Amino acid sequence: MDIFKNNNDHNSNNSNENRDEDDKSKEYNNEKNDNIVIKENYNVNNIEHLNINNSQDRQQCNNNNNNNNNNNNNNNNNNNNNNNNNNNNNNNNNNNNNNNNNKTTTTTTTTTTTILNSKESQSINENANDVNSCSEENNNNNNKNNNNNKNENNSHPIPVSDELILTVDVGTTNLRAIIFDRNLTIISKSIQTIPLMTDDNKPGYIEQDPDRLWEACKDAMKEAIASSPAKHNIKMVKSIGITNQRSSFLTWRRDTGRPIHNLITWQDGRSGELCKNANNSLAVKGIHGATKFVHLFTGKPRYLAASQLDFSTAHSSTRLAWVLENLPEAKKAAKEEQMLFGTIDTWLLWNLTGGKEHATDYSNISATGLFDPFEMKLNSVVFYLFNIPTHIMPKIYDTSHHFGDCIPELFGHSIPITALCGDQQSAMFGECCFSEGDTKLTIGTGCFVNINTGNQARASRFGMYPLVGWKIKNDVTYLMEGKGMSAGTAIDWAQSFGMFNDPWETSAMASSVPHSQGVVFVPAFTGLAPPHNDPRARGLIIGMSPSTKKEHVVRALLESFGYRCKELIDAIHTDAYQSIRRVVADGGVCQNDFVMQFISDVCGIHIDRAAHPEMTASGVCMLAGLEVGIWKNKEELASLRHSSKIFEPKMNKDLKRKLFKRWERAVKRSMYWSENSFAGEGGDDGYLDSDEEKKLRNDHLQQINNNNGPTSQPPSPKIIATSPTITKSSPNPIPNKNN
């Protein structure tokens, strides 16, 4: 790191991500006190059709059963109040037998689980004996199904085939193991919590226990298998796919397989000082000048990207450099060539294969800051600047690839691991954004805008970051990514102040007032990402008056997500590489109808919200299935993607222009506030005197003029990591995860 140490005189970013939680509960009755509430099992009917003879004395019973089956297949929310015989009740109850809240009623005809209005349960039809023989036949079918539906944890929809795929989705604070069938139906799911580790004596440090991560992965995978048909035949699981939060990493020893340090998460800010020294060094300034000059003559996007190179704590590269510089054990292992580097996918692959495979894929490595997407190889300049040895790096394979087989001791059978993918790229694939110009909005812990740029990596003058979306044999798809802000963090912050009790309430609160009454909320808790690129910006609520209510503030908060999306989409238009073809949305916040409608209004675009509850996991499931032949091509996959709702713009242009201009005024007032740029730096009282602020503004404007556009920053804003909010899993539409 000596290359940066002589330049200290110069002046001195999710969610996580928790993914959206399960929210598939439905009330089958509307009466407040008299009904039994059950939970729907992913809208899949796993009850066999009853086989009843067509004799005349059974004809009425057959008709009633058919009607009842049809009602259940359509997932009616209300019980049929006109059921006139006990057999109807038996059949209806069996179709809802997966819920633990079922009530058991014994009659002279049969004993089964019932889901009834309490008034109905008091008046079982007296004519049950007239259909006794029919009921016995139905009861045989009921008992057969009951054996496989003892409780909610062990129940599962019947897969459409014996080919299942097990996926692992690692977020910021939880890990999900989900088993899908070939129709992307969720057969079973298990969730494990992975707590964040912080230390008040080490501001900016945000870590996780790698051993606990591995144990959580094993437990979740085993629980998912045990709750699926694969419990009795593990060979039904044809492959495993892993998707994960990007940029988090650890190092471990090759000889022992033991971690050298804890997992350093994407939020960690310990390398802030190193980043400042690097960005102010003569070496980096020289790179800026030289590549800018070359770009003027060649026009190649690679040189444009290099001319705006700026190191950030969001990249694995700077945190890895910090490890090599500050941890003696890491230095020793690197010198002995026993040190291995890996993102989360690499660590899990290493353990699943018993230490046989040290590898990653192009989507994950491209998000570390250690990879050149234009050349599709490791970035030698970064390795040279930070003195990082290349022998510690994993092998890089296609996203859909046979990475190895898990050891048979884990699940009783060796299962191939056929896909690794970063979470945002996996969600993009799950949304079937296969064409150039397809754009995805993901709003959860963070806010991401990803656009498919086809088979070419692009550089942006506005801080959008080029990534490898996925590589399947000779097909390489690139993305341009921009990160807006920490959306989930802002929701958590507002909830901690008592503005609402549950994030579910926010949509109704925002809709209860006609406008924000002039209030603007700028959620710049950790700075502003592209296109502003100001790490010194801080959160701001402005425009309040004595008549301001909390509903106005909540509305302003939700509206801020729309404004940030507009800024990123406008940046895509200004870069003018390609037009936006269509826009899809996923993530916890995107389940909020008010947010979706406002984004559609202020951006003037149609937004297609996905119906599937697990887009990230379904994406890596698709990738894994392609490798083992469950699906043959992308066209076959596209038929599996369904919409839940299309949002169309309704706001007139004048109002849209007025609102956005007010937002821009507020953003300007939030900028250049903090003295410190990076998370983990102490002593900032949030105060700058007028001379300091003026100098910062002038320097920033000068940099914009030099670059003929706003300066570039990495896709993620810096995270203040001293006291992250960790919430328990809940069915809220606002998850606590990124990537």
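Two strands count as paired if DSSP finds at least two bridges between them. In this predicted model, strand S21 (residues 447-454) and strand S23 pair in the antiparallel sense. The pairing of S21 with S23 runs over 6 bridges. Within this pair, Ile451 stands opposite Met480 in S23.

Strand S23 (residues 475-483) also pairs with strand S22 (residues 465-472). Here 7 bridges join the strands, which again run antiparallel. Val468 stands opposite Tyr478 in S23. S22 and S23 form a hairpin, with 2 residues between them. Lys473 lies in the turn and has a positive phi of about 55°.

Helix H18 spans residues 550-575, and helix H22 spans residues 653-670. Their axes come within 11 Å and cross at roughly 90°. Angles of 65 to 115 degrees count as roughly perpendicular. H18 and H22 are therefore roughly perpendicular to each other. On the H18 side, the contact involves Ser560, Tyr563, Arg564, Lys566 and Glu567. These residues meet Leu659, Phe660, Trp663 and Val667 in H22. The residues of this contact divide into 5 nonpolar, 1 polar and 3 charged.

Key: Residues numbered from 1 in each chain as written. Predicted model: local features only at pLDDT ≥ 70, side-chain atom pairs only at ≥ 80, totals over all residues. Heavy atoms only, no water. Axes fitted to C-alpha atoms, helices over the stretch in contact; angles between N-to-C directions. Helix = DSSP H or I, 4+ residues; strand = E, 2+ residues; numbered from the N terminus. Parallel < 35°, antiparallel > 145°, perpendicular 65-115°, else oblique. Contact = heavy atoms within 4.5 Å. Nonpolar A, V, L, I, M, F, W, Y, C, P; charged D, E, K, R; others polar.
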